[in-house]
Amino acid sequence: MTAATPADPALPPDWRDFLALTKPRVMTLVIFTALCGMLAAPNAIDPVIGFTAILCVAVGAGASGALNMWYEADLDAQMKRTAGRPLPTGRVDRQSALHFGVALAVGSVILMGLAVNLVAAAILAVSILFYVFVYTIWLKRRTPQNIVIGGAAGAFPPLIGWVAASGRVELLPVLLFLLIFLWTPPHFWALALFMESDYARAGVPMLPVVAGEATTRTQIGLYTIPMAVAAVAPWPLGLTGPLYGMVSITLTAVFALLALRVATRRTVEGGDTMMPEKQLFKFSILYLFLLFGVLVADHWAHLLG
């Protein structure tokens with residue numbers, strides 16, 4: 001693979017380079033799940049405070065992304081998927097990325113504490129620290145369980161949104177946390193199956209690289225089972241209405257069928273484009289958007305009914 005060409009060091013970084021450090025695509029799902037957690041909470045929140053809370057979540061997620069890129073600049077340079085990021089190409093230097101990430105992290109937590117509430121600020125701080133220190137620095141390069149344990153970092157947003165509105169932790173947002181935590185391994189391992197050579201080149205011990213394709217497929221199937229339980233559980237537990245119940249069962253059934261296709265496919269013939277894996281990966285993103293969207297619709301339907 002041809003190495004990325006560094007940018008002219010005489011040119012200052014563009015604002016778009018700093019935006020790219022925040023991983024805006026990943027941030028979209030983070031913001032959406034946090035917003036849904038807030039809107040599904042039993043307490044109405046002042047729109048200005050609600051906007052501030054979501055802004056803090058977005059900035060905190062951006063901080064995590066920037067600090068992740070700062071620490072993993074060497075890995076990103078070796079992977080085709082990430083070689084065009086600002087640090088590997090030289091558009092942003094590592095010190096600037098570090099200062100940018102730390103400033104976003106500290107600012108988001110302080111603003112959340114001052115403008116919203118201290119519980120939401122504490123959970124936001126934990127989510128940032130967990131992503132940076134537990135996932136990025138400790139787990140990512142050491143164990144194929146990096147995604148399993150590290151997935152907790154991405155599961156905090158709906159909990160933060162709920163606590164921003166209500167000021168307390170309750171069972172439903174905990175189930176939403178658990179849902180995303182269990183969703184993360186099938187989601188990322190599907191990606192890892194068709195990006196295995198990229199991870200192997202960079203020396204990242206993703207499950208397909210360390211344990212092989214067959215084990216990864218089996219683990220995708222196994223993790224889908226408790227994920228499905230967590231997704232549907234709010235309805236029989238009386239935490240949501242039948243709208244969420246019916247849609248969650250339908251969406252989860254589709255997810256499970258796609259996961260089953262991946263789990264039971266043992267060989268990939270030459271020239272195969274890994275379509276079932278890509279289908280699972282893409283649907284898994286849509287799955288969360290739709291599931292959290294219907295959660296809010298169910299809540300408001302109950303209020304208006």
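This is a predicted model: local features need pLDDT of at least 70, side-chain atom pairs count only at pLDDT 80 or more; totals for chains, interfaces and linings use all residues.
Housekeeping, quickly. Residues are numbered from 1 along each chain as its sequence is written, and side-chain values use heavy atoms, with hydrogens and water left out.

Okay, α5. Helices here are DSSP runs of H or I with at least four residues, strands are E runs of at least two, and both are numbered from the N terminus. At 1.5 Å a residue, the 22 residues of α5 should span 32 Å, and its end C-alpha atoms are 31 Å apart, which agrees. The expected span, by the way, is 1.5 Å times one less than the number of residues.

Which residues of α5 are buried? They are A97, G101, L104, A105, S108, M112 and G113. Looking down the axis of α5, those buried residues fall within an arc of 150 degrees, so they line one face of the helix. Buried means under 20% relative accessible area, exposed means over 50%, and partly exposed is in between, using a 1.4 Å probe and protein chains only. The arc is taken from the directions from the helix axis to the C-beta atoms. Turned away from that buried side you'll find the exposed residues Q95 and L114. Covering the buried residues of α5 are, among others, α1 (15–21), α3, α6 and α8. And D93 caps the N-terminal end of α5, with a side-chain oxygen 3.1 Å from the backbone nitrogen of Q95.

On to α6, residues 118–139. Where does it bend? At F130, by about 35 degrees; that's the angle between axes fitted to the seven residues ending there and the seven starting there. At the start of α6, a side-chain oxygen of N117 comes to within 3.2 Å of the backbone nitrogen of V119. The buried residues of α6 include I123, L124, I128, Y131 and Y135. Their cover includes α3 (47–71), α5 (94–115), α7 (146–150) and α8 (157–166).

Now, those aromatic pairs I promised. Rings of Phe, Tyr and Trp (its six-membered ring) pair if their centres lie within 6.5 Å; planes under 30 degrees apart count as stacked, over 60 as edge-to-face, and the rest as tilted. Being four residues apart in helix α6, Y131 and Y135 are separated by about one helical turn. Y131 and Y135 are both buried.

The rings of F194 and F281 have centres 6.1 Å apart and planes at 80 degrees, so here we have an edge-to-face pair. F194 is in helix α9 (residues 171–194) and F281 in helix α14 (residues 275–304), so the pair ties together parts 87 residues apart in sequence. Is F194 buried or partly exposed? At 22% relative accessibility, F194 counts as partly exposed, while F281, at 18%, counts as buried. There's also an aromatic cluster made up of F156, F177 and F181.

Staying in α14, have a look at E277. E277 counts as buried, at 0% relative accessibility. Apart from its neighbours within four places in sequence, E277 is in contact (heavy atoms within 4.5 Å) with A190, L193, F194, R217, V262 and R265.

Next, α13. With 22 residues, α13 reaches 30 Å from its first C-alpha to its last, close to the 32 Å expected at 1.5 Å a residue. Among its buried residues are Y244, L251, F255, L258 and V262. Seen down the axis of α13, the buried residues fall within an arc of 165 degrees, so they line one face of the helix. They pack against α9, α12 (213–232) and α14, and on the other side of α13, P242 and L257 are exposed.

Last one: K23, in the loop between α1 and α2 (24–39). Phi of K23 is near 55 degrees, a positive value in a residue other than glycine. Most residues other than glycine have a negative phi. At 15% relative accessibility, K23 counts as buried.

Conventions:
A polar contact is a pair of N or O atoms within 3.5 Å; within protein, one must be able to donate a hydrogen and the other to accept it, and residues adjacent in sequence count only if both atoms are side-chain atoms.
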